[in-house]
Amino acid sequence: MFKGFGTWLGLEKTSEDKESHSVEQEEKVVEAQNEDKRNFLRDPPAGVQFHFDMEQMYPLAAVMLEEDQLLNRMRFDLVPKQ
(Lines give C-alpha, C1' and ligand atoms only; values in the text may rest on other atoms or scores of the structure.)
Protein backbone atom coordinates (compact mmCIF):
# COMPACT_ATOMS: atom_id res chain seq x y z
CA MET A 1 0.00 0.00 0.00
CA PHE A 2 2.71 2.50 1.01
CA LYS A 3 5.67 0.85 -0.75
CA GLY A 4 8.37 3.37 -1.59
CA PHE A 5 6.80 5.93 0.73
CA GLY A 6 8.83 8.66 2.34
CA THR A 7 7.72 11.70 4.31
CA TRP A 8 8.74 13.76 1.28
CA LEU A 9 6.03 12.10 -0.82
CA GLY A 10 4.14 14.75 -2.74
CA LEU A 11 6.99 17.23 -2.94
CA GLU A 12 7.68 18.36 -6.44
CA LYS A 13 11.11 18.61 -7.95
CA THR A 14 12.07 22.25 -8.11
CA SER A 15 14.91 24.21 -9.58
CA GLU A 16 17.74 24.36 -7.10
CA ASP A 17 18.17 27.96 -6.08
CA LYS A 18 18.56 29.74 -2.75
CA GLU A 19 14.81 29.74 -2.07
CA SER A 20 13.83 26.20 -3.03
CA HIS A 21 14.96 22.71 -2.20
CA SER A 22 14.98 19.65 -4.37
CA VAL A 23 13.22 16.48 -3.29
CA GLU A 24 16.63 14.89 -2.76
CA GLN A 25 17.60 17.67 -0.33
CA GLU A 26 14.34 17.22 1.55
CA GLU A 27 14.95 13.46 1.78
CA LYS A 28 18.36 14.10 3.33
CA VAL A 29 16.92 16.56 5.86
CA VAL A 30 14.19 14.13 6.92
CA GLU A 31 16.57 11.18 7.10
CA ALA A 32 19.07 13.17 9.18
CA GLN A 33 16.38 13.76 11.80
CA ASN A 34 16.33 10.01 12.46
CA GLU A 35 19.95 10.12 13.64
CA ASP A 36 19.33 12.29 16.72
CA LYS A 37 17.62 10.63 19.70
CA ARG A 38 16.49 14.03 20.99
CA ASN A 39 13.99 14.23 18.12
CA PHE A 40 12.18 11.22 19.58
CA LEU A 41 12.49 11.94 23.29
CA ARG A 42 11.70 15.61 23.79
CA ASP A 43 8.26 16.94 24.56
CA PRO A 44 6.31 18.90 21.94
CA PRO A 45 6.73 22.68 22.14
CA ALA A 46 4.64 24.50 24.75
CA GLY A 47 1.10 25.17 23.59
CA VAL A 48 1.06 22.44 20.95
CA GLN A 49 -1.90 20.09 21.16
CA PHE A 50 -0.73 16.59 20.27
CA HIS A 51 -2.95 13.54 19.96
CA PHE A 52 -1.56 10.16 18.92
CA ASP A 53 -3.92 7.47 17.66
CA MET A 54 -1.99 4.19 17.53
CA GLU A 55 -4.64 2.43 15.47
CA GLN A 56 -4.56 5.14 12.82
CA MET A 57 -0.77 5.58 12.70
CA TYR A 58 0.36 1.95 12.96
CA PRO A 59 0.13 1.07 9.23
CA LEU A 60 2.15 4.14 8.25
CA ALA A 61 4.68 3.60 11.04
CA ALA A 62 5.19 -0.04 10.02
CA VAL A 63 5.94 0.97 6.43
CA MET A 64 8.27 3.78 7.49
CA LEU A 65 10.21 1.38 9.72
CA GLU A 66 10.53 -1.01 6.80
CA GLU A 67 11.64 1.67 4.35
CA ASP A 68 13.95 3.73 6.58
CA GLN A 69 16.83 1.78 8.12
CA LEU A 70 17.93 4.73 10.29
CA LEU A 71 14.45 5.00 11.77
CA ASN A 72 14.35 1.24 12.32
CA ARG A 73 17.70 1.36 14.11
CA MET A 74 16.54 4.25 16.30
CA ARG A 75 13.44 2.29 17.26
CA PHE A 76 15.64 -0.67 18.17
CA ASP A 77 17.84 1.59 20.33
CA LEU A 78 14.98 3.39 22.11
CA VAL A 79 12.37 0.70 22.72
CA PRO A 80 13.01 -1.24 25.94
CA LYS A 81 14.63 -4.58 25.32
CA GLN A 82 12.33 -6.45 27.71
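## Helix α3 and its residues

M54 is found in helix α3, where helices are DSSP runs (H or I) of at least four residues, numbered from the N terminus. Helix α3 covers residues 54-67 and also holds A62. The model is predicted: local features need pLDDT of at least 70 and side-chain atom pairs count only at pLDDT 80 or more, while totals for chains, interfaces and linings use all residues. Residues are numbered from 1 along each chain as its sequence is written, and side-chain values use heavy atoms, leaving out hydrogens and water.

A62 is partly exposed, because its relative accessible area is 31%, and partly exposed lies between buried (under 20%) and exposed (over 50%), with a 1.4 Å probe and protein chains only. A62 lies 10 residues from N72 in sequence, and their C-alpha atoms are 9.5 Å apart in space.

## A nonpolar surface patch

M54 also belongs to a nonpolar patch on the surface, together with V48, F50, F52, M57 and Y58. Such a patch joins nonpolar side chains (Val, Leu, Ile, Met, Phe, Trp, Tyr) within 5 Å, from residues with over 30% relative accessible area and no salt bridge; a salt bridge is a side-chain nitrogen of Lys or Arg within 4 Å of a carboxyl oxygen of Asp or Glu. The patch has about 660 Å² of accessible area, calculated by the Shrake-Rupley method with a 1.4 Å probe.

## The whole chain

The protein chain has four helices and zero strands, a strand being a DSSP run (E) of at least two residues. Along the sequence the pattern is α-α-α-α.

Buried residues make up 13% of the 82 residues. The chain exposes about 7,300 Å², of which carbon and sulfur atoms supply 54%. Among contacts (heavy atoms within 4.5 Å) with a separation of 6 or more, 54% are between residues 24 or more positions apart.

Conventions: Patches are made of residues with over 30% relative accessible area and no salt bridge: like charges are joined within 9 Å, nonpolar side chains (Val, Leu, Ile, Met, Phe, Trp, Tyr) within 5 Å.
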